[in-house]
Amino acid sequence: MTGFLRTIASRAAPALRRHTITQTANLYTRPPREKLGPVDIAVGLGMLSMAILGPSGWILAHLEDYKKKE
C-alpha cells in the first residue's frame with residue numbers, strides 16, 4: 001500500500017509544482033523617512049505589553065470568579 005501511495009505522490013508532485021505562484025515580500029532598502037524617538041518607542045512598547053499582558057492579567061485577577069459554579 002505504501003508503494004502505491006509513494007508512486008502516486010511521486011507522479012503527482014511535479015504536476016502540482018508546475019503552476020506555483022512565487023510570493024515576494026515588499027521590502028524597502030532605504031532608511032525610514034522619519035526616525036522614531038524614544039517617546040514613540042516607549043508608547044509602542046507600552047501598548048504592545050498591555051495588549052499581551054492585559055487580558056491574561058484580567059483572567060488571573062478574576063480567577064476566583066471563574067471558579068465559582070452557580
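**Entry 1: Fold**

I traced the elements from the N terminus and read α-α-α. I counted three helices and zero strands in the protein. The model is predicted, so I turned to confidence next.

**Entry 2: Confidence**

I looked up the average pLDDT and found 83 for the protein. At least 70 is the score of 83% of the residues. Where is confidence lowest, and where is it highest? Helix 1, residues 2-17, has the lowest mean, at 74. Helix 2 has the highest, at 95.

**Entry 3: Surface**

I checked how much of the chain is buried. The protein has 70 residues, and buried residues make up 0% of them.

**Entry 4: A nonpolar patch**

Which residues form a nonpolar patch on the surface? I listed Leu 36, Ile 41, Leu 45, Leu 48, Ile 52 and Leu 53. Together they have about 640 Å² of accessible area. I picked out Leu 45 and placed this residue in helix 2, which spans residues 38-61. Why does Leu 45 count as exposed? Its relative accessibility is 54%, and the cut-off for exposed is over 50%.

**Entry 5: The annotated stretch**

I looked up the UniProt record, an unreviewed entry. Its annotation "transmembrane region" covers residues 41-61. I checked the model over residues 41-61 and found 100% helix and 0% strand. The end C-alpha atoms of this stretch are 28 Å apart.

**Entry 6: The salt bridge**

How many salt bridges does the structure hold? I found one. Side chains of opposite charge can pair when their charged atoms come close. Here the side chains of Glu 64 and Lys 67 meet, at 3.9 Å from N to O. I located both residues in helix 3, residues 63-67. Glu 64 and Lys 67 are three residues apart, about one turn of the helix.

Note on methods. Residues numbered from 1 in each chain as written. Predicted model: local features only at pLDDT ≥ 70, side-chain atom pairs only at ≥ 80, totals over all residues. Heavy atoms only, no water. Patch = residues over 30% accessible without salt bridge, like charges linked within 9 Å, V, L, I, M, F, W, Y side chains within 5 Å. Areas by Shrake-Rupley, 256 points an atom, 1.4 Å probe, with all protein chains shown as cover. Salt bridge = Lys/Arg side-chain N within 4 Å of Asp/Glu carboxyl O. Helix = DSSP H or I, 4+ residues; strand = E, 2+ residues; numbered from the N terminus. Buried < 20%, exposed > 50% of the residue type's maximum accessible area, 1.4 Å probe, protein only. UniProt positions renumbered as here; feature names shortened; annotations may be inferred. pLDDT = per-residue confidence, 0-100.
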